[in-house]
Amino acid sequence: MQLYMPTKVYSEENCVVNHAAELRALGTKAMLVTGKHSAKATGALHDVLQALGETPYVIFDAIEENPSVETVMAARKIAVEEGVDFFIGIGGGSPMDAAKAIALMTANPEETEAVLYETKALPHLPVACIPTTCGTGSEVTPYAILTRHAHKTKRSISHKIFPVLALLDGKYLRHLSRNGLVNTCTDALGHLFESYLNTNANDLNSIYAREGLQLWAQFRDRLLADAVEAGDYETMLHASLLAGMAIAHTGTSLPHGMSYPVTYTLNIPHGRAVGLFLGGFVDTYEDKVRAQKALELAGFADAAALRGYLRQLLGAAQLPEELLQSGAEKLLEDPAKLKNYPFAITAQQLVAMVN
Ligand code: NAP
Ligand code: ZN
């Protein structure tokens, strides 16, 4: 058994400015990797600029949701031209994941995009992350999930890149829409269940999921009732952080595997796509004792209660039968994606997981 969590995490109000010196110490020229609006709207970009002070920087603000390999390569070109030597991902999972992939490609300017999906040991430049959603935990995971248009789906790159620094401030979450909050909280719940109910789960690494599920239970009812209180934002961010630490140790499982073609084909946000399979996953899980333990930690009486909750929170799935069937078949052909699920599973069971 092993625990490995190399990211230094700070979480508090005004976190970015408070730890400006550590951010600046990462290099001599930064690339700030963001989406179009949220980094500005939340004030996170403003805080980073204040923290950087005189440190030179360039802003790459063209990261789309579910960032593509093509966008990463466009950012790498600018980073190399500008002599960037560290990266700050500001936003949701999309800019944070993109920052990791850009940091890899910039450190290896002679490599083509093919290397993203090759198992070849390569250096990367340092990455700091500042999350403004409460779902992916990307600020503490080694994963970077990119859209591969050539393959019509999404997949994590082959390289493990932990951010060196994660700066968390719950105030950025106040700008999320209701859907943004629901989708990303659901993603974190997926990470927690999928990590706890996982081939790689053990007594040591289950601490993250156990604590995260208990935090999730604290805001569960208010999230459903659209009655989130100011104090909930920090709890949501911490549940997402712990969920990230959990999957950093175990990886995700079947709901994530089923979600990627759904997001790619129907443009359904990541967290919502995961949530559509989550209740059925827990319901199907063969170790009923462990599944029940996870449900109770999150405040659900049983799997039916989780399914009912998610149906109310996310609405009914209404996914085309052919998409479900082809997604299940693709998943069954992919040993890398099945290995985290400790039991046998059929296409029929995978399709039936949908809520
Ligand atoms: P996201 O794709 O990063 O952002 C979704 C939307 O929310 C964007 O329009 C974004 O705007 C907006 N937004 C972000 N923060 C906001 C705020 N505080 N207020 C208002 N709007 C805000 O969403 P995400 O769910 O966090 O990330 C999903 C991605 O992460 C997927 O690609 C998924 O596969 C990946 N993921 C990675 C990991 C991992 O371990 N690395 C784990 C799970 C998921 P802008 O575009 O303007 O920023
Ligand atoms: Zn996820």
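Mentor: The domain interface

The centres of domain 1 and domain 2, taken over C-alpha atoms, are 25 Å apart. The protein chain is assigned domain 1 (8–171) and domain 2 (177–352), with bounds from an automatic or database domain assignment. This is a predicted model, in which local features need pLDDT of at least 70 and side-chain atom pairs pLDDT 80 or more, while totals for chains, interfaces and linings use all residues. Residues are numbered from 1 along each chain as its sequence is written, chains are lettered from A and ligands numbered from 1 in the order in which they are written, and side-chain values use heavy atoms, with hydrogens and water left out.

Contact (heavy atoms within 4.5 Å) joins 25 residues of domain 1 to 25 residues of domain 2. Together the domains bury about 2100 Å², of which 61% is on carbon and sulfur atoms; buried area is the accessible area (1.4 Å probe) lost on putting two parts together, summed over both. In domain 1, Cys 134, Lys 154 and Arg 155 lose the most area to domain 2, together 27% of what that side buries.

Arg 155 also forms a salt bridge with Asp 334, with the closest N and O atoms 2.9 Å apart. The rule (a side-chain nitrogen of Lys or Arg within 4 Å of a carboxyl oxygen of Asp or Glu) finds one salt bridge across the interface of domain 1 and domain 2.
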